[in-house]
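This report describes the fold, the helix faces and the charged side-chain pairs of the protein shown below.

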Amino acid sequence: MVTWEVPPARRLAFTGVLVVVAASVAATLLVDFRLGGYLLAGALGLSAAFRAALPERYCLGLLVRSRPLDVVTATVLAVAVAVFANLVPS
């Protein structure tokens with residue numbers, strides 16, 4: 001029998017961000033570079049939103065620094081990735 005160290009409910013935020021990142025990689029490889037960039041920016045924005053809104057016990061994989069610094073860093077990276085994805089020629 002498999003026992004988890006961390007209950008599945010406490011891993012949902014991190015798993016959700018990873019799913020969007022995986023979709024970003026798939027979209028980049030199979031569809032369009034720009035779409036993959038937008039999805040990656042969305043994953044970063046999602047991680048910032050989760051880190052800002054959820055208690056720390058639900059953000060296990062997203063905890064790096066203090067909450068304000070994590071949120072600002074992820075938001076700035078999301079905007080930067082979206083801007084650079086928009087600059088890529090079609």
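A residue is called buried when its relative accessible area is under 20%, exposed when it is over 50%, and partly exposed in between (1.4 Å probe, protein chains only). Buried residues make up 20% of the 90 residues in the protein. The model is predicted: local features need pLDDT of at least 70 and side-chain atom pairs count only at pLDDT 80 or more, while totals for chains, interfaces and linings use all residues. Residues are numbered from 1 along each chain as its sequence is written, and side-chain values use heavy atoms, with hydrogens and water left out.

## Overall fold

The protein has three helices and zero strands, in the order α-α-α along the sequence. Helices (H or I, at least four residues) and strands (E, at least two) are DSSP runs, numbered from the N terminus. The C-alpha trace spans about 50 × 35 × 15 Å along its principal axes. Contact means heavy atoms within 4.5 Å. Of the contacts with a separation of 6 or more, 53% are between residues 24 or more positions apart.

The table sets the span of each helix, from first C-alpha to last, beside the expected span, which is 1.5 Å times one less than the number of residues.

| Helix | Length | Span | Expected span |
|---|---|---|---|
| α1 | 19 residues | 26 Å | 27 Å |
| α2 | 21 residues | 30 Å | 30 Å |
| α3 | 21 residues | 30 Å | 30 Å |

## Helix faces

An α-helix has 3.6 residues a turn, so residues three or four places apart point the same way. The arcs quoted here are those of the directions from the helix axis to the C-beta atoms.

In α1 (residues 12-30), the buried residues are Ala-13, Val-17, Ser-24 and Ala-27. They cover an arc of only 85 degrees around the axis, which puts them on the same side of α1. These buried residues pack against α2 (33-53). On the face turned away from the buried side, α1 carries the exposed residues Leu-12, Val-19, Leu-29 and Leu-30.

Helix α2 buries Gly-36, Gly-37, Ala-41, Ala-43, Ser-47, Ala-48 and Arg-51. Seen down the axis, these residues fall within an arc of 150 degrees, so they line one face of α2. Their cover includes α1 and α3.

The buried residues of α3 (residues 67-87) are Asp-70, Val-71, Ala-74, Ala-78 and Ala-85. Their arc is only 95 degrees around the axis, which puts them on the same side of α3. What covers them includes α2. Exposed residues on the face of α3 turned away from the buried side are Pro-68, Val-76, Val-79, Phe-84 and Leu-87.

## Ser-47

Ser-47 lies in α2 and is buried, with a relative accessible area of 12%. Its side chain reaches the backbone oxygen of Leu-44 at 2.7 Å. This is a polar contact, a pair of N or O atoms within 3.5 Å; within protein, one must be able to donate a hydrogen and the other to accept it, and residues adjacent in sequence count only if both atoms are side-chain atoms. Leaving aside neighbours within four places in sequence, Ser-47 is in contact with Val-17, Leu-62 and Ala-74.

Side chains of opposite charge can pair when their charged atoms come close. A salt bridge is a side-chain nitrogen of Lys or Arg within 4 Å of a carboxyl oxygen of Asp or Glu, and the structure holds two. One joins the side chains of Arg-51 and Asp-70 (2.9 Å, N to O). Arg-51 lies in α2 and Asp-70 in α3, so this pair ties together parts that are 19 residues apart in sequence. Both Arg-51 and Asp-70 are buried.

Arg-65 and Asp-70 also meet through their side chains in a salt bridge (3.5 Å, N to O). Arg-65 is partly exposed, with a relative accessible area of 39%, whereas Asp-70 counts as buried at 6%. Salt bridges that share partners join Arg-51, Arg-65 and Asp-70 into one network.
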